[in-house]
Amino acid sequence: MNKLHYLRKIRKISTHDLHKYTGICASTVTYLEKEERPFRQIHLDKLTSFFNVTSDYLLGRNDNGL
């Protein structure tokens, strides 16, 4: 499971809610979770801040970003 999808599910946040909190389109979140689109820096900045994780964790480079 993609780290973004995992974080969203454990916090029980829909893609629409994540859009409201971060300003990232719900469809973009879906593409990022399916790994059909690369993370842009703006996405990483907003998501790492919202979930309080490192970009390395979110990108799946390590599991110690929480």
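Before looking at helix packing I noted that axes are lines fitted to C-alpha atoms, for helices over the stretch in contact, and that angles run from 0 to 180 degrees between N-to-C directions. I also kept in mind that this is a predicted model.

**Entry 1: helices α1 and α3.** I looked up how helix α1, residues 3–10, sits against α3, and found the two packed at an angle of about 120°, with 8 Å between their axes. Because of that angle, α1 is oblique to α3. On the α1 side I listed L4, H5 and R8 as making the contact, and on the α3 side V29, L32 and E33. Sorted by class, this contact of α1 with α3 has 3 nonpolar, 1 polar and 2 charged residues.

**Entry 2: L32.** I then turned to L32, which lies in helix α3, residues 26–33. Its relative accessibility is 0%, so L32 counts as buried, the cut-off being under 20%. Setting aside residues up to four places away in sequence, I found that L32 touches N2, L4, R37, P38, F39, H43 and L47.

**Entry 3: T22.** Where does T22 lie? I placed T22 in helix α2, which covers residues 15–22. T22 counts as buried because its relative accessibility is 11%. A polar atom of the T22 side chain lies 2.7 Å from the backbone oxygen of L18. Leaving out neighbours within four places in sequence, I recorded contacts of T22 with K46, L47 and F50.

Technical notes: Residues numbered from 1 in each chain as written. Predicted model: local features only at pLDDT ≥ 70, side-chain atom pairs only at ≥ 80, totals over all residues. Heavy atoms only, no water. Helix = DSSP H or I, 4+ residues; strand = E, 2+ residues; numbered from the N terminus. Buried < 20%, exposed > 50% of the residue type's maximum accessible area, 1.4 Å probe, protein only. Contact = heavy atoms within 4.5 Å. Polar contact = N/O pair within 3.5 Å; in protein donor to acceptor, adjacent residues only side chain to side chain. Parallel < 35°, antiparallel > 145°, perpendicular 65-115°, else oblique. Nonpolar A, V, L, I, M, F, W, Y, C, P; charged D, E, K, R; others polar.
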